[in-house]
Amino acid sequence: MVSVLGPRDEFLRILETGLGADVHVRGNEITFRGSPQDVTVAADVLTELITIVRTGQGLAADTVERVLGMTSNPDVSAAEVLTQNILSSRGKTIRPKTLNQKRYVDAIDKHTVVFGIGPAGTGKTYLAVAKAVQALQAKEVNRIILTRPAIEAGERLGFLPGTLSDKIDPYVRPLYDALHDMLDPESVPRLLTAGTIEVAPLGYMRGRTLNDAFIILDEAQNTSQEQMKMFLTRLGFGSRIVVTGDVTQIDLPTGTRSGLTVVEDILDGENDIAFCRLTSHDVVRHRLVGRIVAAYDRFEATLPPVRKN
């Protein structure tokens with residue numbers, strides 16, 4: 001009972017707030033009172049929570065909130081979503097934490113090219129890197145290639161001090177952070193040196209054909225239409241591409257159209273290409289981040305169209 005209701009009834013209070021039915025606990029018995037629909041929803045939520053506990057995963061406050069958030073879709077099992085393992089490393093298991101994240105992960109399994117579009121904190125890049133590491137460990141690919149547009153330097157890195165690695169390090173640091181979460185820290189430099197993992201600015205992709213690779217383009221909202229076409233046509237045999245970006249955070253010069261904002265119109269309906277959209281409901285950072293993203297969305301919806309960009 002403590003596993004389901006939480007220490008000091010923390011999870012019980014979340015259920016009382018989020019459910020339409022009244023919750024009554026006596027000993028090891030939980031009773032719901034309310035309309036038939038509210039009682040059915042409450043019973044389904046409790047069943048999902050018990051199922052998650054039985055997997056040995058355990059519950060946390062944010063897990064309970066996510067289960068509550070999935071009750072609006074009767075065709076989805078919250079327990080199935082929240083217990084799907086992608087990668088386990090150093091005692092840490094990486095799983096999708098929302099329905100849209102699961103759809104994104106499933107799309108990566110089923111399609112050669114996947115676009116993950118959504119705000120900060122929704123796991124777009126993190127889950128893509130996890131799938132890349134999983135594919136590498138399963139020997140489905142021979143290498144991982146991570147790239148971002150170095151927009152702040154205008155793709156011209158020559159004036160920055162140091163080696164190429166030193167120059168691009170500030171732009172790809174989020175990708176390194178994800179790798180260090182998923183691999184032994186000692187192995188990352190070795191894999192980088194061997195070329196098994198390659199990190200490079202987007203400008204260095206031109207002219208290459210990338211075979212047997214898992215390729216991730218991060219911050220794709222900062223690519224031009226020409227750069228997006230150039231990148232997508234690098235796809236070689238046995239390779240997969242994941243493109244991630246947030247169309248609300250475009251840093252391109254005024255007058256330059258983002259390649260990410262037009263690519264869906266161009267490639268819509270093409271086989272083996274999937275577009276996955278994540279929202280503020282899929283933010284998996286601090287709980288406040290989701291509310292910040294939603295507040296900005298509401299604010300920007302009130303602005304005249306000219307000011308939105």
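Is Arg-240 buried or exposed? Arg-240 is buried, with a relative accessible area of 17%, where buried means under 20% relative accessible area, exposed over 50%, and partly exposed in between, as found with a 1.4 Å probe on protein chains only. The structure is a predicted model, in which local features need pLDDT of at least 70 and side-chain atom pairs count only at pLDDT 80 or more, while totals for chains, interfaces and linings use all residues. Residues are numbered from 1 along each chain as its sequence is written, and side-chain values use heavy atoms, with hydrogens and water left out.

Arg-240 forms a salt bridge with Glu-140, with the closest N and O atoms 2.7 Å apart; a salt bridge is a side-chain nitrogen of Lys or Arg within 4 Å of a carboxyl oxygen of Asp or Glu. This pair links distant parts of the chain, 100 residues apart, since Arg-240 lies in strand E9 (residues 240–245) and Glu-140 in the loop between H7 and strand E6 (143–148). Helices (H or I, at least four residues) and strands (E, at least two) are DSSP runs, numbered from the N terminus. By the salt-bridge rule, the count comes to 9 salt bridges.

Another salt bridge joins the side chains of Glu-198 and Arg-208, at 2.7 Å from N to O. Glu-198 lies in strand E7 (residues 197–201) and Arg-208 in the loop between E7 and strand E8 (213–217), so the pair ties together parts that are 10 residues apart in sequence. Arg-208 is partly exposed, with a relative accessible area of 23%, and salt bridges that share partners join Arg-143, Glu-198 and Arg-208 into one network.

The side chains of Asp-109 and Lys-131 also meet in a salt bridge, again with an N to O distance of 2.7 Å. Asp-109 belongs to helix H6 (residues 99–110) and Lys-131 to helix H7 (residues 124–137), so that distant parts of the chain, 22 residues apart, are linked. Asp-109 counts as partly exposed at 44% relative accessibility, whereas Lys-131, at 4%, counts as buried.

The two helices H6 and H7 pack at an angle of about 40 degrees, with their axes 11 Å apart; axes are lines fitted to C-alpha atoms, for helices over the stretch in contact, and angles run from 0 to 180 degrees between N-to-C directions. In H6, Gln-101, Tyr-104, Val-105, Ile-108 and Asp-109 meet Lys-124, Leu-127, Ala-128 and Lys-131 of H7, contact being heavy atoms within 4.5 Å.

In H7, 11 of the 14 residues are buried, so this helix is largely enclosed by the rest of the structure. Among the buried residues of H7 are Lys-124, Leu-127, Ala-128 and Lys-131. Just after H7, Lys-139 takes a positive phi of about 60 degrees.

Asp-9, although not a glycine, has a positive phi of about 60 degrees; Asp-9 is found in the loop between helix H1 (2–5) and helix H2 (10–18), and is partly exposed, with a relative accessible area of 37%. Asp-212, likewise not a glycine, has a positive phi of about 50 degrees; Asp-212 is found in the loop between E7 and E8, and is partly exposed, with a relative accessible area of 35%.
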